[in-house]
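Please read them with the coordinates open.

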Amino acid sequence: MLQPVVNETIAESSYRRIRADIIFGRLSPGQKLKLDSLKESYETSISTLREVLNRLSSEGLVVAEGQKGFEVSPVSVSDLKETAAMRLLLETHALEQSFAYGDVEWEAPLVSAHYKLARMEQVMATGDTSRAEDWKRYDWEFHQALISACGSKLLMETHSAIFDRYLRYQMVALSYRGDVAANEHQQLLDAALRRDAETAKRVLALHIQGGVEHALARGTLK
């Protein structure tokens, strides 16, 4: 969920845009990424596109096919489960550290992030999916806020990359679990403010597993 950066290079801008288009499903799983078409769409050079796509290949979002070019990485049940397990492992550890070191300066943006997410969950609960990307952006921001006091930049960056891969599956399935997910987010916030790491870890495990089960139930993955 990369945010725009002031004075970023053309390569960075192209990377951010293509990555977001993959994560949010605008570039579909398995779609061929033809350089000539991408050049027009993203208004950048072939050499820059190759650089960007190779970078995305190292993140597992693009498949490089040798002389055949590139395509968006496919999705699968096994990859979703593996991604979810890795997210749980990283986020559980980061939660423990964040709860131990977090102070009032950590609490304020966390409460704000939850407020925005809760408001967007109310919109999603009506069946209106027109702002699904905002919903997932606020979801990402809340979970990042939860672990933001963990004290490790590397852990934050690694978790963010895995979370984005997990988020991609949610966008493919357009999977919203309604009040169950919203209540779990509230429980995570409450546990954070109490510094109750054990409860937070238990809720997080249910939250991630529930997301996986809901996505699989929609039958969009093979």
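1. Helices α1 and α3 are oblique to each other, a class left over once angles under 35 degrees are called roughly parallel, over 145 roughly antiparallel and 65 to 115 roughly perpendicular. Their axes come within 10 Å and cross at roughly 50°, where an axis is a line fitted to C-alpha atoms, for helices over the stretch in contact, and the angle runs from 0 to 180 degrees between N-to-C directions. The crossing of α1 and α3 is right-handed; a crossing is given that name if the near helix is turned clockwise from the far one by less than a right angle, and is left-handed if the turn is anticlockwise. Helices here are DSSP runs of H or I with at least four residues, numbered from the N terminus.

2. On the basis of the values: this is a predicted model, in which local features need pLDDT of at least 70 and side-chain atom pairs count only at pLDDT 80 or more, while totals for chains, interfaces and linings use all residues. Residues are numbered from 1 along each chain as its sequence is written, and side-chain values use heavy atoms, with hydrogens and water left out.

3. The contact between α1 and α3, with contact meaning heavy atoms within 4.5 Å, brings Ala 11, Glu 12, Ser 14, Tyr 15, Ile 18, Arg 19 and Ile 22 of α1 against Thr 48, Leu 49, Glu 51, Val 52, Leu 53, Arg 55 and Leu 56 of α3. These residues divide into eight nonpolar, two polar and four charged, under a scheme in which Ala, Val, Leu, Ile, Met, Phe, Trp, Tyr, Cys and Pro count as nonpolar, Asp, Glu, Lys and Arg as charged, and the others, Gly among them, as polar.

4. Arg 19, one of the α1 residues in that contact, also has a side-chain partner in Asp 164, the two side chains making a polar contact at 2.5 Å. A polar contact is a pair of N or O atoms within 3.5 Å; within protein, one must be able to donate a hydrogen and the other to accept it, and residues adjacent in sequence count only if both atoms are side-chain atoms. Asp 164 belongs to helix α7, which spans residues 153–173, and it counts as buried at 2% relative accessibility, buried meaning under 20% relative accessible area, exposed over 50% and partly exposed in between, with a 1.4 Å probe and protein chains only.

5. Ala 161 is also placed in α7, and with a relative accessible area of 32% this residue is partly exposed.

6. Turning to α5 (residues 104–125) and α6, their axes come within 8 Å and cross at roughly 155°, which makes the two helices roughly antiparallel. The crossing is left-handed, and the contact draws on residues including Trp 106, Leu 110, Leu 117 and Met 124 of α5 and Trp 135, Tyr 138, Phe 142 and Leu 146 of α6. The residues of this contact divide into 12 nonpolar, one polar and five charged.

7. Where does Leu 117 sit, and is it buried or exposed? Leu 117 is part of helix α5 and is buried, its relative accessible area being 0%. Not counting residues up to four places away in sequence, Leu 117 touches Trp 135, Tyr 138, Asp 139, Phe 142 and His 185.

8. Helix α6 (residues 132–147) and helix α8 (residues 179–194) have axes that come within 11 Å and cross at roughly 25°, and the pair is therefore roughly parallel. Asp 139, Phe 142, His 143 and Leu 146 of α6 make the contact with His 185, Leu 188, Leu 189 and Ala 192 of α8, a set that divides into five nonpolar, two polar and one charged.

9. Glu 184, in helix α8, is buried with a relative accessible area of 10%. Leaving aside neighbours within four places in sequence, Glu 184 is in contact with Arg 177, Val 203, Leu 206 and His 207.

10. Two backbone values deserve a look. Glu 43 has a positive phi of about 50° although it is not a glycine; this residue lies in the loop between α2 and α3 and is exposed, at 69% relative accessible area. Arg 195, likewise not a glycine, has a positive phi of about 60°, lies in the loop between α8 and α9 and counts as partly exposed at 29% relative accessibility.
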